[in-house]
Amino acid sequence: MLDAPLIKTPECSSDAAEDAQHRNLIGMSRDEIRDALAGLSLEPFRAKQLWNWLYVRGVRSFDAMSNMSKPTRAMLAEHFAIDRAEIREDALSEDGTRKWLLGFGDKNEVETVFIPEADRGTLCISSQVGCTLACTFCHTGTQKLVRNLSAGEIVGQVLTARDELGEWNTKEDGRKVTNIVFMGMGEPLFNYDHVARACELLTDGDGVALSKRKVTISTSGVVPRIYQMADELGVNLAISLHAVRNELRNEIVPINRKWPLEELLPALHYYAEKFPSRRILIEYVMLKDVNDSESDAYALVDLMRGLPVKVNLIPFNPWPGSPYECSSNNRIHKFADILAAHHISVPIRRTRGQDILAACGQLKSQSERKRGQKVKLH
Ligand code: SAH
Ligand code: SF4
C-alpha cells in the first residue's frame with residue numbers, strides 16, 4: 001500500500017498546468033530542449049542560449065532574449081512557455097524566514113520556505129501537494145489533497161525564490177540561495193522521477209549550478225529508493241528517523257510498518273559506503289515523553305554505530321490541533337549530551353519562521369486550511 005500511492009503523476013517533462021500547444025521549458029532536460037528546437041529547425045546553439053536565459057539570467061519572457069532574432073523569439077513563444085507558479089502569499093517572519101504559498105493552474109498549492117543564516121541561505125522546497133503518509137506529528141500529513149509535483153513545478157520553486165530575492169546574474173559568492181533541502185511538503189522519494197529530474201536540472205553546471213553536496217533529500221524511509229538514489233543521484237541524504245524502536249516508529253512514522261528499522265539501516269550503510277566522505281543527516285523530532293528519554297538516546301547511539309551521521313534534534317513545532325508537546329530544553333540538551341559523549345555530531349535545530357507557520361512540519365497549504373474547518377488558525 002505504501003509502496004505505490006495512487007496519486008496523480010504528471011508526465012516527467014511536462015507541467016500539470018501547461019496547455020497542449022505551449023510546452024513549459026522549465027522542467028525539460030537539455031536534450032529534450034535541443035530535440036524540440038531541432039524539430040523547429042533551430043540549431044543546437046539556440047538550445048544553449050535558451051538554457052542560459054532560463055537558468056542563468058532567469059528571464060520569464062521570450063522578448064527578453066536579446067541575442068535571438070525577432071522571428072526566432074516569436075517561433076519560440078508560439079510553441080513554448082516559461083511557466084512559474086503564481087505567488088498567492090508572501091510572508092516574512094520576524095527572524096527573516098520567508099514563506100511563499102505557490103499556486104498552480106489546477107488550484108493546487110504548495111509552500112516554499114527560505115531560511116537565511118549568517119553563512120548560507122537554505123531553500124526548503126516541496127515535492128508533493130500534501131503527503132500520502134501520515135506521520136502523527138506532521139501537519140502536512142493531515143492534508144487530504146495529494147498529487148505529485150512535476151519536475152518543472154519543483155525547479156520552479158527555486159526560480160521563484162531567485163526572482164523574489166533578486167539574485168539572478170549574481171556571482172556565486174553573492175548568492176542568497178546556497179542550499180536546497182527537500183524538507184517541505186511531501187515525501188520526495190514517492191515522487192522519485194520528478195525529484196531526480198529536478199536535481200539534475202538544479203545541479204547542471206551551465207545553469208543554476210548548485211553542487212550535489214548542497215542539495216539534500218529528506219525521506220521518511222522509502223528503502224528501495226534510497227538504494228536507487230545512492231546509485232543514480234549522489235545528492236545528500238537525510239532520514240526522518242524520530243524513533244529507535246519499531247514499536248514506536250510504526251506508530252509515529254507509519255512507513256516503518258512497510259520498511260522497518262532492520263531494512264532501513266542496511267540502506268543507510270549502503271549510502272555511506274557509496275559516499276564515504278559525506279555524513280547522513282538523521283532527523284529526530286523531540287516529542288515530550290514519547291521519544292526523548294535517556295534510554296532512547298543510548299539506543300540511538302547503538303543504532304548509529306558504524307555510520308557517518310550527524311543527528312539533528314528538531315524541537316517539535318506545534319500546529320493547531322497537534323497531539324504532542326515539545327520536549328523541555330533540559331531534556332533536549334541531556335539527549336544531545338549523550339550523543340555527543342559518543343562522538344556523534346548533534347546540532348539542535350533552531351526553530352525558524354514559527355510566527356508564519358513556516359517551521360518544519362507546519363506546512364500545509366492555505367486553501368486546505370480553509371477547506372478543512374477542523375483546523376483553526378488562531
Ligand atoms: N517527507 C519528508 C520530507 C518533509 S518533512 C520526510 O519526512 O523526511 C521534513 C522534516 O520535518 C522531517 O524530518 C519531518 O519529520 C520533520 N517534521 C515534520 N513535522 C514536524 C513538526 N511538527 N515539528 C518538527 N519537525 C517536523
Ligand atoms: Fe509526509 Fe514527511 Fe510529514 Fe511524514 S513527516 S507526513 S513523510 S511530509
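**Notes on the predicted model**

1. R30 is placed over the face of W51, 5.3 Å from the ring centre. Likewise, the charged end of R57 sits over the ring of W53, at 4.5 Å from its centre. The criterion is that NZ of Lys or CZ of Arg lies within 6 Å of the ring centre and within 35 degrees of the ring normal.

2. This is a predicted model, in which local features need pLDDT of at least 70 and side-chain atom pairs count only at pLDDT 80 or more, whereas totals for chains, interfaces and linings use all residues. Residues are numbered from 1 along each chain as its sequence is written, chains are lettered from A and ligands numbered from 1 in the order in which they are written, and side-chain values use heavy atoms, with hydrogens and water left out.

3. Ligand 1 is surrounded by 22 residues, the closest being F137, G186, S218, S240 and H242; a residue qualifies if one of its heavy atoms lies within 4 Å. By class, this shell comprises eleven nonpolar, nine polar and two charged residues. Here Ala, Val, Leu, Ile, Met, Phe, Trp, Tyr, Cys and Pro are nonpolar, Asp, Glu, Lys and Arg are charged, and the others, Gly among them, are polar. Strands β10 (215–219), β12 (280–286) and β13 (309–315) each supply at least two residues of the shell; strands are DSSP runs of E with at least two residues, and helices are runs of H or I with at least four, numbered from the N terminus.

4. Around ligand 2 are C131, L133, C135, C138, G141, G186 and S220. This shell has four nonpolar, three polar and no charged residues.

5. R98 belongs to strand β4 (residues 98–103). Is R98 buried or exposed? R98 counts as buried because its relative accessibility is 17%, the limits being under 20% for buried, over 50% for exposed and partly exposed in between (1.4 Å probe, protein chains only).

6. D163 lies in helix α4 (residues 151–165) and is buried, with a relative accessible area of 17%. The C-alpha atoms of D163 and V59 are separated by 9.2 Å, although these residues are 104 residues apart along the chain.
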